[in-house]
Amino acid sequence: MHTRVIRAIGIEKTEGNALECIQGKCIVGGIAVGRIEIYKEKQIAITYIRAEDVTSELTRYEKACAVAIGQLQDLYEKAVCELGESEAQVFAAQTMFLQDEEYHASVKGWIEGKHTNAEYAVDKTGKWYAQKLQQLNDEYMRERSQDVKDVSDRVLSILIGDLSKSVVSSRRDASVPAASECGICEGTRMEEKIVFAKDLTPGQTMQMDKAYVRGFVTTTGSKNSHAAILAGAMNIPAVSGIEIRQEWNGKLAAVDGLNGKVYIEPDEQTLEILSMQSKAVEQRRIQLEELKGKKTITKSGKTVKLYANIAGKQDVAAVLENDAEGIGLFRTEFLYLNRNDYPTEEEQFLLYKYVVEAMQGKPVVIRTMDIGADKTVDYMGLAHEENPALGYRAIRICLTRKNIFRVQLRAILRAAVYGRVRILLPMIISVDEIRDTRELLDEVREELRSEGYRCGEVQLGVMIETPAAVMISKELAEEVDFFSVGTNDLTQYTLALDRQNAELDVFYNPYHPAVLRMLEIVISNAHEAGIEVGICGELAADVQMTKALVEMGIDELSVAPTKILQLRDLICQIN
Ligand code: PEP
Ligand code: MG
């Protein structure tokens, strides 16, 4: 291709052949080509209208909710059939949100207390929840605000369709064809499309006609969004971070999800190159499928355990699908977020039991809750901190608020009856923390038995994610059954670099000799004590490091489920 690349504020423009290549963020890998369809959300203008008849306004709201729940159930069933249980969960979660008592109380509060029309009450409530979620430090939780918006918009659309509507206007951009006209939702468009949108909700993503939609390009959205998860499950390449221009509508576009690039009006040569890449990606996928059920072993016979990181029930299907040999990190704190009160013992027990049973005897490493730092929980009433990453976090909360910890330990011990469970303690800096936890575990076990519950055997391990833990890893190794190195925090604390601060990304270097030397110390001390050591931080999935980590003697790597087969392939090629 004869091109000159101009870099101007994130834009690479190739001159001389009417081709524009824009760099965005990789969301879903793969390559797609099609005509651009700019998707515009319906703009719904809601105004306050005094409700003279409060009862009828409440009835309208309740009916709209019932219809919305019906629609969500249809979407759930469609998603189960087309994509599987795991991907359908988003619609189950949205249904639960719509059944949430607090949400209803808030909407009803507006109608009854302030005599507002139902639309106004739903709009206010939805925006309030979405804004609360947007303010959280955790990117995953921020993405959930899109779900709240999706649910509220669904109820609003139903209310607006109601003839007794009190909405002033419901309009769509006249320059853009209706979804049903252009076929990107449920219509019958004949041409392959790349959908460009500011953002896409899970509902919009699911409703798109997969027969014609080849790719997604959005302005906002991260890999953690449910829309991205669904796009991934639908195998639709996606790129985000692209400022969309109206004049692109109808033009040809190519999406390179692997490299996060979008080409507008690509020339023949670009298309040829992309087509070759696309074939290579597909071949690679088929090749990797062959590794399912195979051992992860180097040519010289060293076995490396390949486990998966999960944040909840929704990830289990991907763990099984990608043939993980166990779960190496279950970040249980996600269970505590985005709610109004602590999860009960029963709720936790049922969740852990589900995961343990699904793994059918393969190990499940349950990390006790790592609340604090970027994962904040309002109902815990934690004080504001100047330096939360160095603050009241993880094991520090657990051992000073033992009642909370006891509930989690009870649930884990009960779930351990159903499989192979290991408990992993985060943010450890002393031997005493392990001894205190063991003492508590013994007490809780006794308590459960006296109440007639069965308890399973559990192994106890610690995360090595502070320089302190590295320096005393010899002593720690005498106290526990395994180590798991959290390289994300270990890099942050070793290099004194806030991992949350995007401006520091250029300095954040997990290959820093200080971090790698720490890894060597930890591996050596673990092996001397006869225990296994794994890595569950992002470094475990870094293919540039796989050979070095195996050569250092790492026993286990725990990574996102989709990385498992790629790593197995690499490890099997190491001498
Ligand atoms: C880590 O710190 O590397 C780790 C795995 O824990 P988290 O990313 O959840 O802090
Ligand atoms: Mg950590």
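**Close-up views of a predicted model**

View 1. Strand β19 (residues 532-535) pairs with strand β20 (residues 556-559) in the parallel sense, over 2 bridges. Two strands count as paired if DSSP finds at least two bridges between them, and strands (E, at least two residues) and helices (H or I, at least four) are DSSP runs numbered from the N terminus. Look for Gly534, which stands opposite Glu556 in β20. Now follow the barrel: 8 strands close into it in the order β13-β14-β15-β16-β17-β18-β19-β20, and the pairing is parallel. From one strand to the next, the twist averages 25 degrees. Helix α14 (residues 431-450) packs on the sheet, where it touches β16 (420-425) and β17 (458-464). The direction of α14 makes about 155 degrees with that of β17. Angles like these run from 0 to 180 degrees between N-to-C directions, with axes being lines fitted to C-alpha atoms, for helices over the stretch in contact. Contact here means heavy atoms within 4.5 Å.

A note before the next views: this is a predicted model, in which local features need pLDDT of at least 70 and side-chain atom pairs count only at pLDDT 80 or more, while totals for chains, interfaces and linings use all residues. Residues are numbered from 1 along each chain as its sequence is written, chains are lettered from A and ligands numbered from 1 in the order in which they are written, and side-chain values use heavy atoms, with hydrogens and water left out.

View 2. Side chains of opposite charge can pair when their charged atoms come close. A salt bridge is a side-chain nitrogen of Lys or Arg within 4 Å of a carboxyl oxygen of Asp or Glu, and the structure holds 39 of them. In this one, the closest N and O atoms of Asp569 and Arg284 are 2.9 Å apart. Asp569 lies in helix α20 (residues 564-572) and Arg284 in helix α9 (residues 268-289), so the pair ties together parts that are 285 residues apart in sequence. Are the two partners buried or exposed? Asp569 is buried, with a relative accessible area of 16%, whereas Arg284 is partly exposed at 29%. Buried means under 20% relative accessible area, exposed means over 50%, and partly exposed lies in between (1.4 Å probe, protein chains only).

View 3. The 22 residues of α9 reach 32 Å from the first C-alpha to the last, close to the 32 Å expected at 1.5 Å a residue. The expected span is 1.5 Å times one less than the number of residues in the helix. Which residues of α9 are buried? Thr270, Leu274 and Leu288 are buried. These residues cover an arc of only 50 degrees around the axis, which puts them on the same side of α9; the arc is that of the directions from the helix axis to the C-beta atoms. On the face turned away from the buried side you can find the exposed residues Glu268, Glu272, Met276, Lys279 and Gln283.

**View 4. Glu345 and Arg414 meet in a salt bridge.** The distance from N to O is 2.7 Å. Glu345 lies in helix α11 (residues 345-358) and Arg414 in helix α13 (residues 402-415), so the pair ties together parts that are 69 residues apart in sequence. Both Glu345 and Arg414 are buried.

**View 5. Arg393 and Asp489 link distant parts of the chain.** The closest N and O atoms of this salt bridge are 2.8 Å apart. Arg393 sits in the loop between β15 (363-367) and α12 (395-400), and Asp489 in helix α17 (residues 487-495), 96 residues apart. Arg393 is buried, with a relative accessible area of 3%, and Asp489 is buried at 3% too.

View 6. Phi of Gln360 is near 45 degrees, a positive value in a residue other than glycine. Where is Gln360? Gln360 has its place in the loop between α11 and β15, and at 71% relative accessibility it is exposed. Ala496 is not a glycine either, yet its phi is positive at about 55 degrees. Ala496 is found in the loop between α17 and α18 (513-528) and is exposed at 69% relative accessibility.
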